[in-house]
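Please read the following explanation alongside the sequence and the three-dimensional view. The account begins with the whole chain and then turns to its parts.

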Amino acid sequence: MLRLARQGRAAQDEEIGRAAHPLLLILSRERSERVEGRTTPTTMADNDNIDFTEAQFQRYARHLILDEVGEAGQAKLMAAHVLVVGAGGLGSPMLLYLAAAGVGTIGVVDDDVVDLSNLQRQIVHPTERIGVPKVESARATLAAFNPEVRVETHGTRLESSNVEALVGAYDLVADGSDNFATRYLLNDTCYRLKKPLVAASLAPFDGQLSTFKAYLGPPHPCYRCLFREPPPPDLVPRCETAGILGAVAGVMGTLQATEVLKELLGIGKSLSGTLLLYDALRASFHRVRIPRDPGCPTCGI
Ligand SMILES: [Zn+2]
């Protein structure tokens, strides 16, 4: 399928005069065959530190053939502890992709139960789990997708009394919450505990995404550098009242999962210092630079 996709992309590039060199496709295929051909543990002799099982070689084959991931990167993912806040519209695709990618330990925080009106976008929950706590529903779905992943459920609301213990137990936090109180609490706590925070938010046809690592010092901003204070509660529409095109949550949660994986692997360009905006009706993305605010109450001097 990967090969077909690459050939399709090559064909598309050709139409606009930028054809991929056929040699690149051949090299990709050779790498793919090399990984798929690894059928015995003796083939792992080139890396004594990583003991992948045969099933893991097959499950993660499309990661292992990538120079940017490879065995060392996959081992990093398998050793990682990620906290996903909210098992809703953003959390659902995030949880699915993080589990599929083999992120070893995934914490899920949510104090809600599955409701019929959630199912239009919260794709980690099937109809049969209406009335079940979302964290339990998510754990059952993820176990079916990838039983190797450890899912830690926290059926509670994040509050100032429990946030440090929860955040402190993980390497990275992904905020898929739907309220400003949680967003600011996570920003301030992640800054204090020096944890990367990948945060997304949704509007009916739009989404925003960024990564916050202000603990690294300037020029990295925090969320309060961008929006110092929460807006008044009566001005904040939520999915329940404002509505949302379900697939928009899927786009943003999937982008968020991608940024989480990039941060864990240490590859590509981090979104720290950049706000990525998605406009579904225009089918467009744009980026806005976020400067660090020296007067920020969280990360300012
Ligand atoms: Zn700040």
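This is a predicted model: local features need pLDDT of at least 70, side-chain atom pairs count only at pLDDT 80 or more; totals for chains, interfaces and linings use all residues.

Residues are numbered from 1 along each chain as its sequence is written.

The protein chain has 12 helices and 8 strands; these are DSSP runs numbered from the N terminus, with helices being H or I of at least four residues and strands being E of at least two. Of its 301 residues, 36% count as buried. A residue is buried if 20 or more other C-beta atoms lie within 10 Å of its own, exposed if 12 or fewer, and partly exposed in between, with C-beta atoms placed from the backbone. Among the contacts in the chain with a separation of 6 or more, 67% come from residues 24 or more positions apart; two residues are in contact if their C-beta atoms, placed from the backbone, lie within 7 Å.

An open sheet is formed by 8 strands in the order 3-2-1-4-5-6-7-8, and the pairing is mixed; two strands pair if DSSP finds at least two bridges between them. Strand 3 (150-154) and strand 8 (284-289) are the edge strands, each pairing on one side only. On average, and with direction ignored, neighbouring strands of this sheet are turned by 15 degrees against each other. Within the sheet, strand 5 (residues 197-203) and strand 6 (residues 206-212) run antiparallel and are joined by 7 bridges. Leucine 202 stands opposite glycine 207 in strand 6.

Helix 7 (residues 134-145) has 12 residues and reaches 16 Å from its first C-alpha to its last, close to the 16 Å expected at 1.5 Å a residue; the expected span is 1.5 Å times one less than the number of residues. Its buried residues are Lys134, Val135, Ser137, Ala138, Arg139, Thr141 and Leu142. They pack against helix 6 (91-101), strand 2 (105-109) and strand 3.

Helix 6 meets two other helices. The axes of helix 6 and helix 7 come within 9 Å and cross at roughly 35 degrees, where axes are lines fitted to C-alpha atoms, for helices over the stretch in contact, and angles run from 0 to 180 degrees between N-to-C directions. There, Leu95, Leu96, Ala99 and Ala100 in helix 6 meet Ala138, Leu142 and Phe145 in helix 7.

Helix 6 and helix 12 pack at an angle of about 40 degrees, with their axes 7 Å apart. The two are therefore oblique to each other, since angles under 35 degrees count as roughly parallel, over 145 as roughly antiparallel, 65 to 115 as roughly perpendicular and the rest as oblique. Residues of helix 6 including Gly91, Tyr97 and Ala101 meet residues of helix 12, among them Gly250, Ala257 and Leu261. Helix 12 (residues 246-265) has 20 residues and reaches 29 Å from its first C-alpha to its last, close to the 28 Å expected at 1.5 Å a residue. Just after helix 12, glycine 266 takes a positive phi of about 70 degrees.

Leaving aside residues up to four places away in sequence, arginine 289 touches Gly273 and Thr274. Arginine 289 and proline 221 are 68 residues apart in sequence, yet 9.9 Å apart in space, C-alpha to C-alpha.
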